[in-house]
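Q: I would like to learn how to read a model like this one. Please start with the chain as a whole and then turn to single residues.

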Amino acid sequence: MVIPREITQQLGGRDCIAAAGDFHRVETLRDRAVLLQVMPEFGGFTGEAIGRTWQLVRPALRPGMPKRFDSDAVRPPSRIWYADID
């Protein structure tokens, strides 16, 4: 996941992001955005890892539940944590 510069600042910067969890890779990009690789392989990004990531970015999220995709829709290759910030 790439965390844009503005959200990185909201979350306290690269060092705060790195300290927030046991992440595989946290790297500052040229524009001061942060590349966050939670797990070494995408297949490991489930359950607890998704929850940990959600807790990290939670302060920068808008309130409300994410929209679920229709069963007929093509699902994106991602993991979505269906929870509100409240």
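Q: What share of the contacts in the protein chain between residues at least 6 apart in sequence join residues at least 24 apart?
A: A contact means heavy atoms within 4.5 Å. In this protein chain, 45% of the contacts between residues at least 6 apart in sequence join residues at least 24 apart. This is a predicted model: local features need pLDDT of at least 70, side-chain atom pairs count only at pLDDT 80 or more, and totals for chains, interfaces and linings use all residues. Residues are numbered from 1 along each chain as its sequence is written, and side-chain values use heavy atoms, with hydrogens and water left out.

Q: In what order do the elements of the protein chain run?
A: Helices (H or I, at least four residues) and strands (E, at least two) are DSSP runs, numbered from the N terminus. The protein chain has 3 helices and 3 strands, in the order β-α-α-β-β-α from the N terminus.

Q: What percentage of the residues count as buried?
A: Buried means under 20% relative accessible area, exposed over 50%, and partly exposed in between (1.4 Å probe, protein chains only). Of the 86 residues in the protein chain, 27% count as buried.

Q: Where is Arg32 found, and is Arg32 buried or exposed?
A: Arg32 is in the loop between strand S2 (25-28) and S3. Its relative accessible area is 51%, so Arg32 is exposed. Although not a glycine, Arg32 has a positive phi of about 75°.

Q: Where does Gly44 lie, and which residues does Gly44 touch?
A: Gly44 lies in the loop between strand S3 (34-37) and helix H3 (47-57). Not counting residues up to four places away in sequence, Gly44 touches Met39 and Ala49. Gly44 counts as partly exposed because its relative accessibility is 30%.
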